Amino acid sequence: MPKETAFKLTYATMFNPPEELHTRFEDALTKVKANLGKEHTMLIGGKERKAKATFEDRSPINTDWVLGVFQQGDEHDAADAIAAARAAFPAWSGCSWQERLALLRKAADLIDERIYEFGAVIALEVGKNRMEALSDAAEAADLIRYACDQINANSGFIKKMGEDPLQGFKAVNYSVLRPYGVWLIVSPFNFPAALTGGPAGAALAAGNTIVIKPASDTPWTSRLLADCFRDAGLPDGVVNYVTGPGRTLGQALIDNPDVDGITFTGSFDVGMGIYRSFAQGSYVRPTILELGGKNPAIVSKNADIEEAALGIVRSAFGLQGQKCSACSRVYIERPVYQKILSRVVELTNKLAIGDPTDRSVYLGPVVNKNSYADFQAYIKEINEAGGRFLTGGKILTDGDFDKGYFCAPTIVVDLPMDHRLWKQEMFVPITTLTQVETLEEAMGYANDVGYGLTAGFYGSLDEAQWFFENIRAGVTYANRPQGATTGAWPGFQPFGGWKGSGSSGKNAGGLYYVQLYMHEQIQTLIQKS
Ligand code: NAD
């Protein structure tokens, strides 16, 4: 790949990219497509590793496209990867934090240099449009840098404490945050770069060694990440990468007593199962869970209709409704209900659907057969419950669509308020809207779910303050046309959830995150004075 030159994708540029971004993405896509179908290995202790069996990584855009052949790791590979991470821990945790950060910043720079290759692979593996795919990789690099910045700003978290007054002695007290050991990172399909690279960067910057287990739909992106860490010069065994099914390989990793901590990002049910399994160890170990969402938007009668409609549509259908922050339910005050509905439908009908690597396309396919089946089952259920589709409500099968998992973005009204789908994460391009008499009524609905990830609001400034104070969610936005409930970037909108959406109460890419990967040691040294 050519080295990144004039243009860097950042929070500020991603809504208005220059032409160079498109030409470079297209060049990378051509190269990646010329290399499809190759076999990829796992990386354990710095060595390439094959498993007894393999699996195919196919594109949801066109299931005839075999993107690559990946290893189906088993419990022996899991044990070896953890042993390799364990063996690498003393040297990695023992080197200075400055040395560690220098290597990790190099890895982040390599992600930037290879960003178009990442973008092309993510678009093909996940079905993301090109801006979303590139942002995913750019965010991974910035999350790694942000963890480094936090360690740097806190001088490696080595802090002198007070000297307790002891007659005849001099006391020196230090608070030192130190790494736990071997950290397991289990990541989801929907942000394969950011949600693998982000936790990896924090765990590594803190001095842990890691084992990465990506989702079976997105092994390629994580392999590219592992390559960046290796090529940056991280010693063998510091980053290990294994692939295979969650239920077997993932579970074997979780059950290994030599794992000191986990970051799991994925669905609520799997996450809670992992939490319970991990609790079977002989003592409590840190478990960072980033789980699902059922994210509401509330629209006041004082809202700017255009801003609200744009934000709702972007968050409902960006990445085909498969963001943990997707806007999946909307409560609208009666006076503006009809206006919002018609504008939301108008905007939704304009969304271009197709091969998401095409520049003009906004909506690609859902990620796999299961999601495609889920979409169809939800449509049937909504129909049977008396819900009405203002647009969408069907899969798309014309022409090239029948090669992939394409679903029409779907707006639902009249779904009975006690229906289970008001509370269940669907993770497909369906959003439900209803009218309310008051903002208090809307807030009651908004908070009445087991999740608390993101939430959005449109209305006056005073109402926005009221919204922030009363909504129970970890990431909240008001009057944001770029996305009602979506949008995160390290240092700007750190990302994490309350209630069933997350375990730590601290947001990734924020001020309090990297500390989760370290335990505190107080060092008291007494000398006779
Ligand atoms: P998933 O729960 O199906 O899988 C996540 C990961 O867990 C995959 O790598 C999978 O292979 C692995 N896994 C499955 N069973 C396992 C087991 N028994 N032991 C160990 N690993 C196992 O989730 P997904 O479909 O990949 O991702 C979508 C979900 O992730 C949604 O619920 C979404 O809301 C959530 N998510 C949350 C956040 C957040 O920051 N809160 C971000 C992105 C996605």
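Predicted model: local features only at pLDDT ≥ 70, side-chain atom pairs only at ≥ 80, totals over all residues.
Local features were considered at pLDDT of at least 70 and side-chain atom pairs only at pLDDT 80 or more, whereas totals for chains, interfaces and linings use all residues. Residues are numbered from 1 along each chain as its sequence is written, and side-chain values use heavy atoms, with hydrogens and water left out.

The protein chain is divided into domain 1 (19-34 + 41-53 + 65-291 + 506-525) and domain 2 (295-487), the bounds being taken from an automatic or database domain assignment. The C-alpha centres of domain 1 and domain 2 are 31 Å apart, and 22 residues from domain 1 and 22 residues from domain 2 take part in the contact, defined by heavy atoms within 4.5 Å. About 1,700 Å² is buried between domain 1 and domain 2, with carbon and sulfur atoms giving 54% of this area; buried area denotes the accessible area (1.4 Å probe) that two parts lose on being put together, summed over both.

Between domain 1 and domain 2 the count is two salt bridges, where a salt bridge requires a side-chain nitrogen of Lys or Arg within 4 Å of a carboxyl oxygen of Asp or Glu. The side chains of Lys323 and Glu132 form a salt bridge with an N to O distance of 3.0 Å. On the side of domain 1 that touches domain 2, helix H1 (19-33), helix H4 (115-126) and helix H5 (130-153) each supply at least two residues, and the largest share, five residues, comes from H1. Helices (H or I, at least four residues) and strands (E, at least two) are DSSP runs, numbered from the N terminus.

The pairing of E4 with strand E5 (residues 66-72) is antiparallel and extends over six bridges, and Arg58 stands opposite Val66 in E5.

Over the whole structure, 33 salt bridges are found. Arg105 forms a salt bridge with Asp149, the closest N and O atoms being 3.0 Å apart; this pair links distant parts of the chain, with Arg105 in helix H3 (residues 97-113) and Asp149 in helix H5, 44 residues apart.

Conventions. Pairing = 2+ DSSP bridges.
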